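Dear colleague,

Please find below the sequence and structure that I am handing over to you. My notes on what was found follow directly after them.

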Amino acid sequence: MSAGKVVQAAWLGALGRNLGSMQLQSLARGNFADPAGRNELVAKIRWFLAVMIGCYGVFAAGFYAFSEYGLFLTREQVIFLLVSVGAFLGCNTLYHFHYERIRNIRYAAHLQVLIDFLLITLLIHFSGGGASWFWPVYLVATLEAAILLDRKREVWLLGGIGGLMFGAMLAGQYLGWFCEVPMPFVDPQLHHDGLFLLLIWLWVSLLNAAIAVIGSFLMSVIRNENEALRRSERRLVNFLDSANDLIFSATPEGRLLYANHSWKSALGFDPDTADNLNLLDIIHPTYKSKCQAAFGKAAAGQRVNVLEGSFIACDRRPIDVEGNITCNPEDGDATVIWGICRDVTERKKAQEQLYHLAHHDMLTGLPNRLFFIDRLKHARAMARRGEKQVAVLFLDLDRFKIINDTLGHSVGDQLLQEAASRLLECVREVDTVARLGGDEFTVALCNVNGVEDVEQVAQKILKALSRPMALGGHELFITTSIGICLYPDHGEEPVELIKNADIAMYNAKTNGRNNYQFYDQAMDQEADKRLMLETGMRKALEREEFRIYYQPKVDMVSGRVTAMEALLRWEHPELGMLPPSSFISLAEETGLIFPIGEWVLRHACLQNRAWQDQGLAPVRVAVNLSGYQLQHKGLIATVRKILEETGLDPMYLELEVTETVVMQNPDFAVAILNELRGLGIHISIDDFGTGYSSLAHLKRFSVNTLKIDKSFVREVDINSTDAAIATAIIAMGNSLNLKVIAEGVENEGQFSFLRENKCDEMQGYLFSKPVPPQEAAKLLRGEGLKIPETALAELSI
Ligand SMILES: Nc1nc2c(ncn2[C@@H]2O[C@H](COP(=O)(O)O[C@H]3[C@@H](O)[C@H](n4cnc5c(=O)[nH]c(N)nc54)O[C@@H]3COP(=O)(O)O)[C@@H](O)[C@H]2O)c(=O)[nH]1
C-alpha cells in the first residue's frame, strides 16, 4: 500500500474512533431532555456520520488507488491533513476527559459547532472543494447547532457562519489562496468557474439557512415537549415522594431501580448513591424466600396483594412492611416490578404490645390466666408425648391484704413484684409462673417425674418467699399457701387443674398457712362446705349463731385463774358446732372478720363485766385478734368504744396477737401494740416461737406476755429440741421482764417440766377445755379447775 493510502486510511479511522469515544461518553450521561442528553444525540449523529465518511473514504481511497488515477494527495496536503486531524483528535480528547468542566463553559457548544464547521470545510476542501460531495455535512453540523443550542437566533447565526465558511473556502480556491487539491474526478477548471462556485455556494448556504430555521423550530418544539414531559415526570416524582407509603421499583432479581422519599428515609438507603443495591440483600432472612417468590410472580404478570415482609434498614433496624407487588406490562418493560408498601413497624409493635397486654399481667409482667392456660395446654401436650406429669401450683400470699391495706397499694405492688421475681428464681425456664390477679399466682411445672420433684419446688418457693423483704422503708415478712395438683392424676383440662389446685390451696390455708397441700378428691367436699360456710357466715351474726367458749389461764405460783381466753365457736344449723379453724380464715378472706371480731370483743368484755358484777374474782378476758383486725385503722377506736360501752376496766382486757402477724410488719405492729398498751390493756404474743421474732424486735414491743406455741409444748417433756426451745423462750421472757405462758398443756409430764423451768402460767386441757360462759363462771369460783395432785401442795391456793 502506498504512503498516501496509509495516511488516508489512518485519518478516516481516527475520525471514527474519536467520534465513537464521544458517543460512548455521551451515552453514559442521561437522556435527550437535558444538555448532556442532547450532546449524546449529537455524538450519535457524528458517530454515524464518521462511519459513513470513513466507509466512503476507505472505499474511495481503495478504488482510486487501483484505478488509472493512482494517488491523489501531495506531501503538503498530507502534512496539512495530519495537523487538522491532530487538532480534531485533540479537541475530542479534551472534550472526552473534561466534559463536566466544558459543559459549564458558556460557549462550549458554540465552539463545538464552529470546530465542526471548520473540520467539515477542511473535509470539503480536501475532497474536491466546490465539486465535493460532502457539502451536505454542513447541514448536519447546522442540525447539530439546532440540537445543542436553545436560542433560535444563535442557531441561525451558526448556520450562517457555516455558509460563510463554505463561501470563504470557495473564494479562497477561486482566488488561489490555498494550494489546490487535485481530485481525480474533478475538473480543475471548476475551481475557477466563478458562476458555478457562486451557485453552489448559494445553494449550500440557503439550504443551510433553511435547515437552521426548520431545525431550530423543530428542536424548540421537541424541547418544549420534552420540558413538559420532564415537568410531568417531576410532578410524578414529587407526588411519589410526598406519599407516606414506601414506593420502589426493582428488577425481578431484586436490583433496586427507584425508591421514593419515604422509602429512603425509612431505610436510610439511597438507590441513586448506592450502586447495585439489591432488595434481597436488605430483606429480613425470614421473609427472603417469600419475597423472592412474590417478585417472580409479579414479573410473570400476577399481582401480589398484601405481602408482608421486613426490611433491614441501614442502621440494622427491622422495618416491617405490608403492601402490593405489581409489574405493569403496558409500559412495555415487563422486567421492572413496582412495590407499594406501608411501614407497619409501629402498628406491629402496638399489636405485639396489645398481645402482650392481653396475655400478661401489667404489674409483674408475668403471664396472665389466659396465657397460663395456653402454656398449660402446651405443657400437657409435652407431658403426653414424654409420658410425664405436669404440676399446677396455686399460690396465695398469706395476709397480703393486710399489707396492702395498711402500707398502701404502692408497697403492695412492690411486694407482688418481688414475690413474682422470687418465684421465677425457683423454677426452670420451661416452667411457667403466672399471676391470676390479686395475690394469687400459679406455677406450671413441666416434665415432672413424681411428687418428690414437685415437693422440692414447693419447699423452695416457701423458703424463697419467707425471706424478709425490704420494701418502702419497711421490713416485711410474707408467707404463702400452696395448693398442688397433677396432670393427669387430678384432672385433664387446664381450667380443671387450676380449680383443683385452688381447692388444695384453701386446704393449705386452713392447715395454718405457709405450707403446701396436694389436691385430694375429698377436698371437693370441703370446697362445697366452704361455699356453704361463706354464704351462711354472712347471716350468722344476725341469726346469733356465734358462741364464745372460755378457757382458763392458770398462774403457776398461786394456782389461780389469771385470765379467761375467749374462743369463738359457730353453732351452724346444719354442720353443728364449728371450731374457729374451720371459718376464721374464710372470715378473713371475706372481710367478715371485722364485724365478727368486734362482736367477740364486745361480748367477751360484757361477759367479764358480768362475772365481776356477779362478785367473782376479777380476771382478764383474753381476746384473739386477727392480723386483719390488728392492722385495721379503726381498731383503737373500736376497742376504746367497747371498753366504754361495757364499762370494763382496760386492765381486765387482754389482747392476743400471733407472732407471725406481728412479725409480718414489725414497725406497724410496734406502733399499734404500744398504743393499746397505753390504754392499759394487757398484750400477749400468741403462738410464740413460730414467727422468727428476734430479741431486737421483742425489746421494741411493749407486750406483757409471751405464749409458747403448743407445738413446742406437746413433746416438751420427751423431745430435747422442744424442751430447749421452751426453756429458751422462758429465759428470754425472764430477761425481758415478760410473763411466759405455755398453751396446750395436756399432761402432768408437760406440766412438771414447765413448772420446773419456771414457766409463769399454763393453759390447756389439763386444767380445763374451753367451756361455755356458765361453766367458765364455775371455774372462776374454783369449781372444776383440774390442778395436778403433785402440784397442789406447793401451790398457794
Ligand atoms: N381472730 C380470732 N381468732 C380466734 C378467735 N377464737 C379463736 N380463734 C383462733 O382460733 C384458734 C383455734 O381456737 P380453738 O379451736 O378454740 O382452739 C383453742 C383451744 O381449744 C386449743 N387448746 C387449748 N388447750 C389445748 C390443749 O391442751 N390441747 C390442744 N390440742 N388444744 C388446746 O388451742 C386454741 C387456743 O389457742 P391459742 O389461741 O393459741 O391460745 C386459736 O388459736 C385462735 O387463734 C376469735 O374470736 N378471733
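**Salt bridges**

Lys 349 and Glu 346 are three residues apart in helix α11, so about one helical turn separates them. The two residues form a salt bridge in which the closest N and O atoms are 3.7 Å apart. Lys 349 is partly exposed, at a relative accessible area of 45%, whereas Glu 346 counts as exposed, at 57%. Please bear in mind throughout that this is a predicted model.

In total, the structure holds 31 salt bridges. Another of them brings together the side chains of Asp 150 and Arg 223, at 3.3 Å from N to O. This pair links distant parts of the chain, 73 residues apart: Asp 150 is in the loop between α6 (136-148) and α7 (152-175), and Arg 223 is in helix α8. Asp 150 has a relative accessible area of 48% and is partly exposed. Arg 223, by contrast, counts as buried, because its relative accessibility of 12% falls under the 20% cut-off.

A further salt bridge is formed by the side chains of Glu 656 and Lys 553, with 2.5 Å from N to O. Glu 656 belongs to strand β17 (residues 653-658) and Lys 553 to strand β13, so the pair ties together parts that lie 103 residues apart in sequence. Both Glu 656 and Lys 553 are buried.

**The ligand and its surroundings**

The ligand is surrounded by 24 residues, of which the closest are Glu 565, Arg 569, Lys 707, Glu 743 and Glu 746. By class, the shell consists of nine charged, eight nonpolar and seven polar residues.

Which strands each supply at least two residues of this shell? They are β14 (561-572) and β18 (682-688). The largest share, four residues, comes from β14.

- Arg 569: a polar side-chain atom is 2.7 Å from an oxygen atom of the ligand.
- Gln 551: a polar side-chain atom is 2.9 Å from a nitrogen atom of the ligand.
- Asp 687: a polar side-chain atom is 3.3 Å from an oxygen atom of the ligand.

On its own, the ligand has 820 Å² of accessible area, and the protein covers 84% of it.

**A nonpolar patch on the surface**

Trp 156, Val 213, Ile 214, Phe 217, Leu 218 and Val 221 form a nonpolar patch on the surface, and together they have about 550 Å² of accessible area. Helix α8 (residues 194-242) contributes the largest share of the patch, namely five residues. Val 221 is placed in this helix. With a relative accessible area of 33%, Val 221 is partly exposed, and it therefore passes the cut-off of over 30% that applies to residues of a patch.

**Backbone features and a loop contact**

For Asn 447 the angle is about 45 degrees. Asn 447 lies in strand β8 (residues 440-448) and counts as partly exposed, at 30% relative accessibility. For Glu 544, phi is about 50 degrees. Glu 544 is found in the loop between α17 (522-540) and β13 (546-555), and it is exposed, with a relative accessible area of 58%.

Where in the chain is the cis peptide bond with an omega of about 5 degrees? This bond joins Tyr 487 and Pro 488. Pro 488 is located in the loop between β11 (480-487) and α16 (494-510).

Finally, Thr 364 lies in the loop between α11 (345-359) and α12 (369-386). Is this residue, Thr 364, buried or exposed? Thr 364 is buried, because its relative accessible area of 19% is under the 20% cut-off. Its side chain makes a polar contact of 2.4 Å with the side chain of Asp 361.

Yours sincerely

Conventions
Residues numbered from 1 in each chain as written. Predicted model: local features only at pLDDT ≥ 70, side-chain atom pairs only at ≥ 80, totals over all residues. Heavy atoms only, no water. Patch = residues over 30% accessible without salt bridge, like charges linked within 9 Å, V, L, I, M, F, W, Y side chains within 5 Å. Areas by Shrake-Rupley, 256 points an atom, 1.4 Å probe, with all protein chains shown as cover. Salt bridge = Lys/Arg side-chain N within 4 Å of Asp/Glu carboxyl O. Buried < 20%, exposed > 50% of the residue type's maximum accessible area, 1.4 Å probe, protein only. Near = heavy atom within 4 Å. Polar contact = N/O pair within 3.5 Å; in protein donor to acceptor, adjacent residues only side chain to side chain. Nonpolar A, V, L, I, M, F, W, Y, C, P; charged D, E, K, R; others polar.
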